[in-house]
Amino acid sequence: MVKIDPALGRCGVLLEPTSVVAKAWEEVDRIGGRAHWAPAVAVVTGAGPIGLLAALIGVQRGLEVHVIDQVTSGVKPDLVAALGATYHTGPIEEACAAPDVVMECTGVSTLVFDAMEHLGPNGVLCLTGVSSGDHTIDVDAGLLNRSLVLANQSIVGSVNANRRHYEAAAVALAAADHGWLEKW
C-alpha cells in the first residue's frame with residue numbers, strides 16, 4: 001500500500017493513472033540517459049486523463065510541454081493552460097519542431113507515426129496508448145528505420161506500474177495544484 005497526501009481527498013483516486021505516467025517518464029529517463037541528454041521540450045498527444053497527467057509531470061520536470069488534442073474549447077484546453085503548458089489541435093509539426101520527448105497517450109495509429117516522423121534527434125517516443133489494431137497504414141519501413149537509427153531515436157511502450165511508480169505518482173500528485181486536480 002502506498003500512502004497518499006490526505007490533502008488530496010478524493011483526488012487520491014488519480015494515483016493509479018498517475019502511476020502509469022510516472023513509469024512512462026522513468027522509461028523515458030532511462031532510455032534518454034543512454035547518452036548525454038538534456039530534454040527541454042515534450043509533446044503529449046491526447047488530453048484525456050493519462051495525457052493530462054503526463055503533461056502535469058512534464059511541467060513539474062521543468063519541460064516546455066505541448067499537448068495535442070482534437071477538442072477546440074472547454075475543459076481540456078483550460079486544464080492544459082492552467083498547467084502552464086500549451087494546447088494545440090493540429091499535427092505535431094505545427095505544435096513544435098523536433099521535440100525531445102513525445103508521450104503518445106491516444107493509441108491512434110496515425111499519431112504514433114506522426115510522432116515517429118517529428119521526434120527530435122536523440123528523442124524518445126513513449127507509447128502509453130493502445131491501438132485498436134483494425135487500421136492499416138502504409139509506412140516506408142526503410143525510411144523509418146534509417147530515420148530512427150541516424151537520429152539516435154528510441155521508441156518504448158509503457159503501461160503497468162510497480163510500487164516505486166505508485167510512490168512517484170503520490171509525490172507528483174502531492175506537488176500538484178489541488179485546485180487543478182479538482183477541476184476534472
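Helices α5 (109-118) and α6 (141-150) each contribute at least two residues to the lining of the largest pocket. The structure is a predicted model.

**Largest pocket**
- The space in the largest pocket amounts to about 300 Å³.
- Its lining consists of 13 residues, of which Phe-113, Glu-117, Val-139, Leu-143 and Leu-144 are the closest to the centre of the pocket.
- Helix α5 provides the largest share of this lining, with 5 residues.
- By class, the lining of the largest pocket comprises 6 nonpolar, 3 polar and 4 charged residues.

**Second largest pocket**
- The second largest pocket holds about 150 Å³ of space.
- The residues that line the second largest pocket are Gly-46, Ile-68, Asp-69, Gln-70, Thr-89, Thr-106, Val-108 and Leu-111.
- In the lining of the second largest pocket, 4 residues are polar, 3 are nonpolar and 1 is charged.

**Helix α1**
- Helix α1 runs over residues 15-32 and has 18 residues.
- At 1.5 Å a residue, helix α1 should span 26 Å, and the distance of 25 Å between its end C-alpha atoms agrees with that expectation.
- Helix α1 is mostly covered, since 15 of its 18 residues are buried, where buried denotes under 20% relative accessible area.

Note on methods:
Residues numbered from 1 in each chain as written. Predicted model: local features only at pLDDT ≥ 70, side-chain atom pairs only at ≥ 80, totals over all residues. Heavy atoms only, no water. Helix = DSSP H or I, 4+ residues; strand = E, 2+ residues; numbered from the N terminus. Expected span 1.5 Å × (residues − 1). Buried < 20%, exposed > 50% of the residue type's maximum accessible area, 1.4 Å probe, protein only. 1 Å grid on protein atoms, 1.4 Å probe; cavity = no way out; pocket = protein on both sides within 12 Å on 5 of 7 lines; lining within 4 Å. Points joined across faces, edges and corners; volume = space filled by probe spheres on them. Nonpolar A, V, L, I, M, F, W, Y, C, P; charged D, E, K, R; others polar.
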